[in-house]
Amino acid sequence: MKSTGMIRGVDRMGRVVIPKEIRKQLKIQNDIDSFEIFVEDDSVILKKYEPKCIFCGKNEASLEMNGHNVCRECIEKLYELRDTIE
């Protein structure tokens, strides 16, 4: 991990502001982007959330179904599988 030298406090609601310089560098858009939160030992790690297909892991255009993303290619494969079952 690389230190930025920036320190931010936590407010009463438990929020921490990500500095503008970092948001700009990572192309984070306010009110659009989300983060995955990881805990490792005594560290909290934020990772910009990129929706990925639940089956193949690609993060290309996908549809959301029951809280999971499925890409077009995997949807087509599912249709093919459905036809073999019937």
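Predicted model: local features only at pLDDT ≥ 70, side-chain atom pairs only at ≥ 80, totals over all residues.
Biologist: Is asparagine 66 buried or exposed?

Modeller: A residue counts as exposed when its relative accessible area is over 50%. The relative accessible area of asparagine 66 is 70%, so by that cut-off asparagine 66 is exposed.

Biologist: Which loop holds aspartate 31, and what is its relative accessibility?

Modeller: Aspartate 31 is not a glycine, yet it has a positive phi of about 65°. Its place is in the loop between α1 (20-25) and β1 (35-40). Aspartate 31 counts as exposed, because its relative accessibility is 83%.

Biologist: Where does phenylalanine 35 lie, and is it buried, exposed or partly exposed?

Modeller: Phenylalanine 35 belongs to strand β1. Buried means under 20% relative accessible area and exposed means over 50%, with partly exposed in between. Phenylalanine 35 has a relative accessible area of 29%, so it is partly exposed.

Biologist: Which residues does phenylalanine 35 touch, leaving aside those up to four places away in sequence?

Modeller: A contact requires heavy atoms within 4.5 Å. With residues up to four places away in sequence not counted, phenylalanine 35 touches Ile18, Ile28, Leu46, Lys47, Lys48 and Tyr49.

Biologist: What distance separates the C-alpha atoms of phenylalanine 35 and isoleucine 45?

Modeller: These two residues are 10 residues apart along the chain. The separation of their C-alpha atoms is 9.5 Å.

Biologist: In what order do the elements of the protein chain run from the N terminus?

Modeller: The protein chain contains two helices and four strands. From the N terminus on, their order is α-β-β-β-β-α.

Biologist: Why is the protein chain described as more spread out than a compact globule?

Modeller: For 86 residues, the globule rule gives 12 Å. The radius of gyration of the protein chain is well over that, so the chain is more spread out than a compact globule, with a value of 19 Å. Along the principal axes, the C-alpha atoms fill a box of roughly 60 × 30 × 25 Å.

Biologist: What percentage of the residues in the protein chain is buried?

Modeller: The protein chain exposes about 8200 Å², of which carbon and sulfur atoms supply 53%. Of its 86 residues, the buried ones make up 9%.

Conventions: Residues numbered from 1 in each chain as written. Heavy atoms only, no water. Rg over C-alpha atoms; globule rule 2.2 N^0.38 Å. Buried < 20%, exposed > 50% of the residue type's maximum accessible area, 1.4 Å probe, protein only. Areas by Shrake-Rupley, 256 points an atom, 1.4 Å probe, with all protein chains shown as cover.
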